[in-house]
Amino acid sequence: MKSRLLIVPFLLAALASAADVISGPPVGATTMSIPVSDVTGQYKGQLVCYVCDYDKAPDVLAFFRDTSDATAQEIVQLNDLYLKNKSRGFKAVAMIVAGESSKQWLEDLSRSAHLEIPLTYFRKGPKDAAVRVYNLNPAVANTFLVTVNRSVVANISDIGPDRFSRVADATAEMLATVR
């Protein structure tokens, strides 16, 4: 019984710290310009700032720490969200923090899943200035920023594919306010 009482505070502390994980700018922050290497988008093979390109459009900027099955599932879900809302001017981009080593994986994913959203990576990987500019937590698997007019309206971080509905719901809420 005594050992159970000792474990409870540790479990509560672990749960509290997981809930306190922060990655990305807070709601209300302005999205900053960041160059990424485009693998599959309209600027394929070039360095581009999709934040700048999308400018005032409603969008989701999705940052993924690395390549994985969960990342692939969430990118496909993001593409589906884009397809559902692109007639409303909605945009989306996936950015892999891991760097150039993800290029082939992104090309293969785009081809196999028939994706329309641009897939990109940070040129300098985790040491890229974009990691600092966007305050991306290296312990977090992903950060989804729902933005409009270059302002963050929702920040959803460190979720699995089974919780992607949080991104979809935040996007629907944002699009309901856009004329």
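Trainee: Which residues of β6 point one way, and which the other?

Mentor: In a regular strand the side chains alternate between the two faces of the sheet. Here Asn142, Phe144, Val146 and Val148 point one way from β6, Thr143, Leu145 and Thr147 point the other way, and all are buried. Buried means under 20% relative accessible area, exposed over 50%, and partly exposed in between, with a 1.4 Å probe and protein chains only. Strands (E, at least two residues) and helices (H or I, at least four) are DSSP runs, numbered from the N terminus. This is a predicted model, in which local features need pLDDT of at least 70 and side-chain atom pairs count only at pLDDT 80 or more, while totals for chains, interfaces and linings use all residues. Residues are numbered from 1 along each chain as its sequence is written, and side-chain values use heavy atoms, with hydrogens and water left out.

Trainee: How many bridges join β6 to β3, and how many to β7?

Mentor: Two strands pair if DSSP finds at least two bridges between them. β3 and β6 run antiparallel and are joined by 6 bridges; in this pairing, aspartate 59 stands opposite threonine 147 of β6. Another 6 bridges join β6 to β7 (residues 151-157), also antiparallel, with valine 148 opposite serine 151. The hairpin of β6 and β7 has 2 residues between the strands, and asparagine 149 takes a positive phi near 50° there.

Trainee: Turning to the helices, which residues of α3 are buried?

Mentor: An α-helix has 3.6 residues a turn, so residues three or four places apart point the same way. The buried residues of α3 include Thr71, Ile75, Leu78, Leu81, Tyr82 and Asn85. Their cover includes β3, β4, α4, β5, β6 and α6. The 17 residues of α3 reach 25 Å from first C-alpha to last, close to the 24 Å expected at 1.5 Å a residue; the expected span is 1.5 Å times one less than the number of residues.

Trainee: Why does asparagine 85 count as buried, and what does its side chain reach?

Mentor: Asparagine 85 counts as buried because its relative accessibility is 7%. Its side chain reaches the backbone oxygen of leucine 81 at 3.0 Å. Leaving aside neighbours within four places in sequence, asparagine 85 is in contact (heavy atoms within 4.5 Å) with Phe90 and Leu175.

Trainee: What is threonine 171 in contact with?

Mentor: Threonine 171, in helix α6 (residues 165-177), is in contact with Val60, Leu81, Phe90 and Val146, leaving aside neighbours within four places in sequence. Threonine 171 and leucine 81 are 90 residues apart in sequence and 8.6 Å apart in space, C-alpha to C-alpha.

Conventions: Polar contact = N/O pair within 3.5 Å; in protein donor to acceptor, adjacent residues only side chain to side chain.
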